[in-house]
Amino acid sequence: MMPSEIKNSNSKLIAILAGYHLLFTFFTYNFYIKNGGDAAFYWLQLKTSAAKEWFDFFTYGSDFMLFLNYPFVRIFHWNIVFGFLLYSSIGFFGILQFYRLLRFHIGDRLRFFGWDFLPLILFLPNLHFWTAMLGKEALCFLFIATILLAVSKAKYFSISTIISALFLSVIRPHIALMLLFSFFLCFLLFGKWRWKTKLIASAIAIAVFSGLFYMFLQLSKIKRFDFNRLQRFNEFSLLSFKNSDTYVPIIEYSYPYKLFTFYFRPLLNEIPSFYGLALGLENGLILTLHLVALVLFLRHYREVVFPLVFKGILLFAVISGLLIVQRYSGFGIFARTKIMIQPFFMVVLLWIIAQITHKTTVQSK
């Protein structure tokens with residue numbers, strides 16, 4: 001394709017994608033009206049925030065979301081509909097960053113019978129559902145996509161990288177901890193650093209990670225690090241989901257099945273609703289994608305050399321999965337949480353498929 005054709009094609013795709021995402025904005029708002037949710041808390045609709053001033057919310061965690069939203073609610077008096085549109089716009093920009101990440105690594109190599117299949121991944125329903133919702137996911141998805149795109153381009157200390165890392169750390173310290181730790185470990189093991197640089201970086205990283213872990217302990221009400229105390233709080237957290245309609249007894253599962261449940265369930269017919277059907281179909285598609293990539297990798301593993309950013313994503317996905325299943329035990333919370341992890345892991349899978357199929361096609365000509 002000529003550059004002008006590529007530009008026109010992308011413009012059409014973004015326009016279609018924007019309309020698709022807008023439909024999910026209405027859908028998520030209607031879902032909130034019928035079922036309630038955290039959006040009311042974030043938009044300062046609850047009595048607990050009624051008597052508080054702006055800087056009462058200037059702290060980390062969920063309260064920082066209220067700090068960000070305070071001017072819109074209390075100064076400009078915009079209603080929650082504006083909040084949904086605002087966060088949906090942020091989420092859409094995150095999806096565009098995600099698309100840039102896909103194009104950066106895969107380009108137009110994921111073609112079958114002349115068709116570019118890469119844009120199809122942008123229309124997964126769960127991706128749009130949570131990034132169109134008034135909540136943390138829209139922000140966190142944008143920050144993570146921006147960080148990964150910057151790392152891919154070796155722009156480690158750009159303004160966008162630093163701002164994204166800071167905001168992610170303030171809003172969701174545990175996600176920031178898992179992400180930054182994964183990439184630091186990859187740089188330490190695979191990066192071409194001098195030993196002095198590794199020592200200095202390690203000292204800085206220990207300080208940063210200690211701070212993030214402390215923030216997590218405070219937000220989770222665990223307060224101090226004690227393994228038995230941590231275990232009790234995790235068990236309490238898992239059992240607290242028993243009243244949820246989508247509860248699963250993950251505490252009884254083996255570790256491999258816990259991870260399978262987190263990343264690939266519910267399957268079809270496990271949740272008897274339209275949302276459950278859509279999520280089941282999407283999970284089936286994602287599971288198939290994993291299996292195809294795995295088979296291709298096992299057959300051609302000698303030809304595959306992972307970029308450092310992909311090693312970081314792989315480690316982030318493994319660490320996140322192992323830890324998150326210690327705290328959550330419901331299909332709904334899984335779908336919500338893995339939106340910050342799974343799409344980026346799919347970049348790696350699609351890259352494997354594109355690289356191997358493209359190389360095979362070239363060699364056969």
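These numbered points go through selected helices, loops and side chains of the structure above.

1. Basis of the note. The model is predicted, and for that reason local features are taken at pLDDT of at least 70 and side-chain atom pairs at pLDDT 80 or more, while totals for chains, interfaces and linings use all residues. Residues are numbered from 1 along each chain as its sequence is written, and side-chain values use heavy atoms, with hydrogens and water left out.

2. Helix 6. Helices here are DSSP runs of H or I with at least four residues, numbered from the N terminus. Helix 6 covers residues 136–152, and its 17 residues should span 24 Å at 1.5 Å a residue, which agrees with the 24 Å between its end C-alpha atoms; the expected span is 1.5 Å times one less than the number of residues. A residue is called buried under 20% relative accessible area, exposed over 50%, and partly exposed in between, using a 1.4 Å probe and protein chains only. By that rule 17 of the 17 residues of helix 6 are buried, so this helix is largely enclosed by the rest of the structure. Just after helix 6, Ala 154 takes a positive phi of about 60°.

3. Helices 7 and 8. Helix 7 (residues 159–171) packs against helix 8 (residues 173–190) at an angle of about 130°, and their axes lie 5 Å apart. That angle makes helix 7 oblique to helix 8. Axes are lines fitted to C-alpha atoms, for helices over the stretch in contact, and angles run from 0 to 180 degrees between N-to-C directions; those under 35 degrees count as roughly parallel, over 145 as roughly antiparallel, 65 to 115 as roughly perpendicular, and the rest as oblique. Where the two helices meet, Leu 168, Ser 169, Val 170 and Ile 171 of helix 7 face partners in helix 8 that include Pro 173, Ala 176 and Leu 180; a contact means heavy atoms within 4.5 Å.

4. The nonpolar core. The largest nonpolar core has 106 residues, and Leu 168 is one of those with the most contacts inside it, as are Phe 98 and Phe 344. Such a core is a set of buried Ala, Val, Leu, Ile, Met, Phe, Trp, Tyr and Cys residues joined through side-chain atoms within 4.5 Å. Leaving aside residues up to four places away in sequence, Leu 168 touches Cys 140, Phe 143, Ile 144 and Ile 147, among others.

5. Arg 265 and the cis bond. Which residues are joined by a cis peptide bond? The bond runs from Arg 265 to Pro 266, with omega near 10°. Arg 265 lies in the loop between helix 11 and helix 12, and at 7% relative accessibility Arg 265 counts as buried. Its side chain makes a polar contact of 2.6 Å with the side chain of Glu 270, where a polar contact is a pair of N or O atoms within 3.5 Å; within protein, one must be able to donate a hydrogen and the other to accept it, and residues adjacent in sequence count only if both atoms are side-chain atoms.

6. Lys 338 and Asn 283. Lys 338 sits in the loop between helix 14 and helix 15 (342–364), and with a relative accessible area of 1% this lysine is buried. A polar contact of 3.2 Å joins the side chains of Lys 338 and Asn 283.

7. Ser 329. This serine is found in the loop between helix 13 (308–324) and helix 14 (331–337), and Ser 329 counts as buried at 1% relative accessibility. The side chain of Ser 329 reaches the backbone oxygen of Leu 238 at 2.6 Å.

8. Leu 279. Leu 279 belongs to helix 12 (residues 274–300) and is buried, at 4% relative accessibility. Its C-alpha atom is 7.7 Å from that of Leu 267, 12 residues apart along the chain. Not counting residues up to four places away in sequence, Leu 279 touches Asn 126, Pro 266 and Ala 335.

9. Two loop residues with positive phi. His 77, in the loop between helix 3 (62–75) and helix 4 (80–106), has phi near 60°, a positive value in a residue other than glycine. Lys 221, in the loop between helix 9 (195–219) and helix 10 (227–239), has phi near 70°. Is His 77 buried or exposed? His 77 is exposed, with a relative accessible area of 62%, and Lys 221 is exposed at 54%.
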